[in-house]
Amino acid sequence: MRRTVFGREIYVPLDPFKASRRVETAILSRYLDVKPGERLLDIGCGTGYWTEWLAGPGRAAGIDLLGEDLSIARAHHAGNRHAYLRANAERLPFGDAAFDKIFGVCSVEHIPDNDAAFSEFHRCLKPGGVLALTLDALNYDAIPEAARAAHAVRYHVAHFYDADYARRMLETHGFAVTHLEYLICSPLSHALNLFGDRNRKFQYLLFPAAYPMMRLADRWLGRRDQGWKLAVRAVRA
């Protein structure tokens, strides 16, 4: 996010202080377990903050369709190890087996042609390569159908995922699923996430307490069959 300080516009990344996003990225970091020198691709990189954070000691390419976000990524999160380009996930501009790992932070659900995208992920991963994604599910039973529909319109969600759909999509396109779990799937984490969604300014102030509370609540009280998000790890078979 851009902020004006003493008459100068600066870039202030706020995503690190959004509890629900940190829940996602914590599990993606564990799924990816990046080693030095590995080649990664971030699907829907946005401003590049999570590309750099999740790539760790690896080298990453980030793709997105939003020119303004890509400009921020290039200005603040590029350098010798990371590059950002405008590209469509349904037609990736990379060679076969170009990457060790591919990841996406709640981005793939916005892609209209899922079959084309997952085929491209398979093509661009080396054999045994890892695909790690978080995906919008919104199948938690406390979320009304009207709210789910409004979320789809507001955030341009083309597909909601549940465990069965995600597994079927992955296996159809040549992946073997190794991990699959719902996130933000307890009464407390649901309430905190809903409050943050409705009170954007306050969610950043509440982050120091909300993030550990959401993690602990999901671990001890969370559902295994529903949630706000779905996290999945698969390998190219």
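This is a predicted model: local features need pLDDT of at least 70, side-chain atom pairs count only at pLDDT 80 or more; totals for chains, interfaces and linings use all residues.
View 1. The chain has eight helices and nine strands, which are DSSP runs (helices H or I, at least four residues; strands E, at least two) numbered from the N terminus. Of the 237 residues, 50% count as buried, meaning under 20% relative accessible area with a 1.4 Å probe, protein chains only.

**View 2. Arg-21 in helix α1.** Look for Arg-21 within residues 19-32, the span of α1. Arg-21 is buried, at a relative accessible area of 17%. Leaving aside residues up to four places away in sequence, Arg-21 touches Asp-15, Trp-50, Val-105 and Cys-106.

**View 3. The pair α7 and α8.** The axes of α7 (residues 187-198) and α8 (residues 200-221) come within 8 Å and cross at roughly 160°; axes are lines fitted to C-alpha atoms over the stretch in contact, with angles from 0 to 180 degrees between N-to-C directions. The two helices are therefore roughly antiparallel, the word for angles over 145 degrees. Residues making the contact include Leu-188, Leu-192 and Phe-195 of α7 and Phe-202, Leu-206 and Met-213 of α8. The contact residues divide into 11 nonpolar, four polar and four charged.

**Notes for all views.** Numbering starts from 1 along each chain as its sequence is written, and side-chain values use heavy atoms, leaving out hydrogens and water. Local features need pLDDT of at least 70 and side-chain atom pairs count only at pLDDT 80 or more, while totals for chains, interfaces and linings use all residues.

Technical notes. Contact means heavy atoms within 4.5 Å. Angles under 35 degrees count as roughly parallel, over 145 as roughly antiparallel, 65 to 115 as roughly perpendicular and the rest as oblique. Ala, Val, Leu, Ile, Met, Phe, Trp, Tyr, Cys and Pro count as nonpolar, Asp, Glu, Lys and Arg as charged, and the others, Gly among them, as polar.
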